[in-house]
Amino acid sequence: MAKSRFEYVRTYEQDAILLPNTYIVIRLDGRGFHRFSAHYNFRKPNDKRALCLMNAAAKQVMRQIPDVEGAYGQSDEYSFVLSRECRMFDRREAKLVSTFASTFTAQYQFLWPEFFTDISLDGNMLPSFDGRAVLYPSLREVRDYFSWRQADCHINNLYNTSFWTLVLTGGLSEHDAEQALMGTNSGAKNELLFSQFGINYNDEEIMYRKGTMLIRDVGAGGAASESTESRDVQEWHEKSKRQVEREEKKRRKAEIVELHVDIIGDEFWRGAGRWIS
């Protein structure tokens, strides 16, 4: 293609390249989802249709992008972890984040009719997701990241369950419910639900309390090991193109498993949690 005198403007483009030999976590968040959920009358405190739609969209992202090793979702957010060997877009941050955000948004809109069968999307109120990329040097930080998001799920869901029970069942205004919960800890919220409304929070649906973990069932070959943790940058570069393609093919064929389990304790990471390389 012939060059023009205007092509100099390309020199202003700057790519942020993510460090090699690090795990990439891309977290997507619903943009303006408080207004969005109100517009479509999402059920309170949890709308199972909306959560299952998030999970379905995330599975499609994983099917389309084999570099994703696992993902965790709760409420209107989803986090995807990419392997240390990921070379997608030469690890250009803007390309990665924009691709995940646009792919997830497209799938969310496409799959909407399957879960909200009686509500059509309004062109003036369409869903969209923004994203960010964070790098982690080892599996320890990746594990702590997912533990952090699940702890956040528990805290937020317990509060929302208490809040909306006070409003919808207890007859309080939203302001009064907020005041009633101000300064209360988890124990107090559990006691309030049980003593006033006969609700045992631990009996609430586990997806609401634990969120959703998605992993690829790639078998023993996907297990983490001490040698994986200690792999250096030189070895990362030396992995052959054929080996990378073989591993990508294996991930593409792997079944995506949906789990609603505790991912903070050791049991998950000793068993199913050994999905990350």
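At what angle do helix 2 and helix 3 pack, and how far apart are their axes? In this predicted model, helix 2 (residues 48–64) and helix 3 (residues 93–115) pack at an angle of about 130 degrees, and their axes are 8 Å apart. That angle makes helix 2 oblique to helix 3. Their crossing is right-handed.

Let's look at who touches whom. On the helix 2 side, the contact includes Arg49, Cys52, Leu53 and Met54. On the helix 3 side, the residues met include Phe100, Thr103, Phe104 and Trp112. Sorted by class, the contact of helix 2 with helix 3 has 13 nonpolar, four polar and one charged residues.

Six of them form an open sheet in the order 4-1-3-2-5-6, and the pairing is antiparallel. Strand 4 (129–136) and strand 6 (255–259) stand at the edges with a single partner strand each, so one side of each has no neighbour in the sheet. On average, neighbouring strands of this sheet are turned by 20 degrees against each other, direction ignored. As a general point, strands of a sheet pair through backbone hydrogen bonds, either parallel or antiparallel.

Which strands does helix 4 lie across? Helix 4 (residues 139–168) lies across strand 1, strand 2 (68–74), strand 3, strand 4 and strand 5 (212–217). Relative to strand 2, helix 4 runs at about 20 degrees.

Helix 4 also packs with helix 5 (residues 174–181), at an angle of about 135 degrees and with the axes 9 Å apart. The two are therefore oblique to each other, and their crossing is right-handed. Tyr159, Ser162, Phe163, Trp164, Leu166 and Val167 of helix 4 make this contact with Glu174, Ala177, Glu178, Ala180 and Leu181 of helix 5.

Another partner is helix 6 (residues 186–197): its axis and that of helix 4 come within 10 Å and cross at roughly 35 degrees. This crossing is left-handed. Among the residues in contact are His154, Leu158 and Tyr159 of helix 4, and Ser186, Lys189 and Asn190 of helix 6.

Here are the residue classes in two of these contacts:

| Contact | Nonpolar | Polar | Charged |
|---|---|---|---|
| Helix 4 with helix 5 | eight residues | one residue | two residues |

**Two backbone details**

Which peptide bond is cis? The bond from lysine 44 to proline 45 is cis, with omega near 0 degrees. Proline 45 sits in the loop between helix 1 (33–39) and helix 2.

Asparagine 21 is worth a visit too: its phi is near 60 degrees, a positive value in a residue other than glycine. You will find asparagine 21 in the segment before strand 1. For background, most residues other than glycine have a negative phi, and most peptide bonds are trans.

**How confident is the prediction?**

The protein chain has a mean pLDDT of 90, and 90% of its residues reach 70 or more. Over residues 220–234, however, the pLDDT is below 50. Beyond near neighbours in sequence, this stretch has 26 contacts in the model. Where pLDDT is low, the predicted coordinates should not be read in detail.

Methods. Residues are numbered from 1 along each chain as its sequence is written. This is a predicted model: local features need pLDDT of at least 70, side-chain atom pairs count only at pLDDT 80 or more; totals for chains, interfaces and linings use all residues. Side-chain values use heavy atoms; hydrogens and water are left out. Two strands pair if DSSP finds at least two bridges between them. Helices (H or I, at least four residues) and strands (E, at least two) are DSSP runs, numbered from the N terminus. Axes are lines fitted to C-alpha atoms, for helices over the stretch in contact, and angles run from 0 to 180 degrees between N-to-C directions. Contact means heavy atoms within 4.5 Å. Angles under 35 degrees count as roughly parallel, over 145 as roughly antiparallel, 65 to 115 as roughly perpendicular and the rest as oblique. A crossing is left-handed if the near helix is turned anticlockwise from the far one by less than a right angle, and right-handed if clockwise. Ala, Val, Leu, Ile, Met, Phe, Trp, Tyr, Cys and Pro count as nonpolar, Asp, Glu, Lys and Arg as charged, and the others, Gly among them, as polar. pLDDT is the predictor's confidence in each residue, from 0 to 100.
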